[in-house]
Structures are given as structure tokens and as C-alpha cells.
Amino acid sequence: MFKKRVEKDRKRFKRKVHIRKRIYGTAERPRLTVFRSNKNISVQVIDDDARVTIAAVSTLEKDFKPLKANIESGAKIGEEIGRRLKEKNITAVVFDRNGYLYHGVVQAVADGARKAGINF
């Protein structure tokens with residue numbers, strides 16, 4: 001079982017590196033990256049030029065503590081990151097799925113951000 005987990009992590013890391021070769025966030029169009037574990041979801045918006053995090057939302061925050069890493073929570077997290085970006089007058093981002101497949105929670109985060117008015 002351990003060997004299978006190591007192989008799965010290695011494949012995700014390989015996809016992540018391949019994706020990050022092409023994706024780069026700027027001040028005008030920052031990078032929205034998603035991290036998910038079995039229990040939590042984290043979303044960050046990063047300006048790679050200045051190397052700063054512009055906004056972040058996680059299920060570890062006090063307001064989102066009851067949420068788990070499921071599709072409904074992903075949609076709520078996506079809408080919240082969209083709302084926080086709107087406050088900072090950012091409407092376009094580059095979506096970084098961080099090596100995860102684009103379905104389930106990752107897709108729900110993207111759809112939630114689009115619903116909030118973020119373009120990517």
C-alpha cells in the first residue's frame with residue numbers, strides 16, 4: 001500500500017511540474033492555485049513576479065471550519081476567493097490545478113470562482 005501511495009504522489013508531482021512550466025502569474029493576471037487533502041481545501045492567488053500571495057481561502061479558517069474536502073465545500077471556497085478578488089479589483093486569473101485532475105473538488109472550486117465573476 002505504501003508503494004502505491006508513493007507512486008501516486010510521484011505522478012501528481014510530475015503533472016504539477018509539467019503544468020507549472022507553462023503557467024505564470026503576473027500582477028494583471030495572477031495564478032489561482034488549489035491544494036486539496038483528504039480533509040481540507042486551500043486556494044491561493046499568487047503574483048509570481050512579486051512573489052506575494054494576494055488572497056487565500058482555506059477550510060482551516062474559522063468561518064469555514066465546518067466544511068470538509070467535498071464538492072459543496074469546494075464551490076463555497078471558490079465563491080469566497082472570487083469575492084475576495086473582486087474586493088481587490090482582480091477579475092482575471094490563471095488557473096493552476098496543482099497536478100490534480102480537473103474533476104470533483106478542483107472543478108467545483110473553479111466553477112465557484114467563475115460564478116463569482118472571475119475569468120480564466
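Axes here are lines fitted to C-alpha atoms, taken for helices over the stretch in contact, and angles run from 0 to 180 degrees between N-to-C directions. Helices (H or I, at least four residues) and strands (E, at least two) are DSSP runs, numbered from the N terminus. The model is a predicted one, so local features need pLDDT of at least 70 and side-chain atom pairs count only at pLDDT 80 or more, while totals for chains, interfaces and linings use all residues. Residues are numbered from 1 along each chain as its sequence is written, and side-chain values use heavy atoms, with hydrogens and water left out.

To start with the helix pair, α2 and α3 pack at an angle of about 35°, and their axes sit 7 Å apart. On the α2 side, the contact (heavy atoms within 4.5 Å) is made by I71, G74, A75, G78, E79 and I81; on the α3 side, V105, A108, V109, G112, A113 and K115 take part. Sorted by type, these residues come out as seven nonpolar, three polar and two charged, where Ala, Val, Leu, Ile, Met, Phe, Trp, Tyr, Cys and Pro count as nonpolar, Asp, Glu, Lys and Arg as charged, and the others, Gly among them, as polar.

Next comes the sheet. It is open, has four strands in the order β3-β2-β1-β4, and its pairing is mixed; two strands pair if DSSP finds at least two bridges between them. Since β3 and β4 stand at the edges with a single partner strand each, one side of each is left without a neighbour in the sheet. β2 and β3 run antiparallel and are joined by six bridges, and D47 stands opposite V52 in β3.

Both helices lie across this sheet. α2 covers β1, β2 and β3, running at about 145° to β3, whereas α3 lies across β1, β2 and β4, at about 145° to β1. In α3 (residues 105–115), V105, V106, A108, V109, A110, G112 and A113 are buried, meaning under 20% relative accessible area with a 1.4 Å probe, protein chains only. These buried residues pack against β1 (31–36), β2 (41–47), α2 (71–87) and β4 (94–96).

Key:
Buried < 20%, exposed > 50% of the residue type's maximum accessible area, 1.4 Å probe, protein only.
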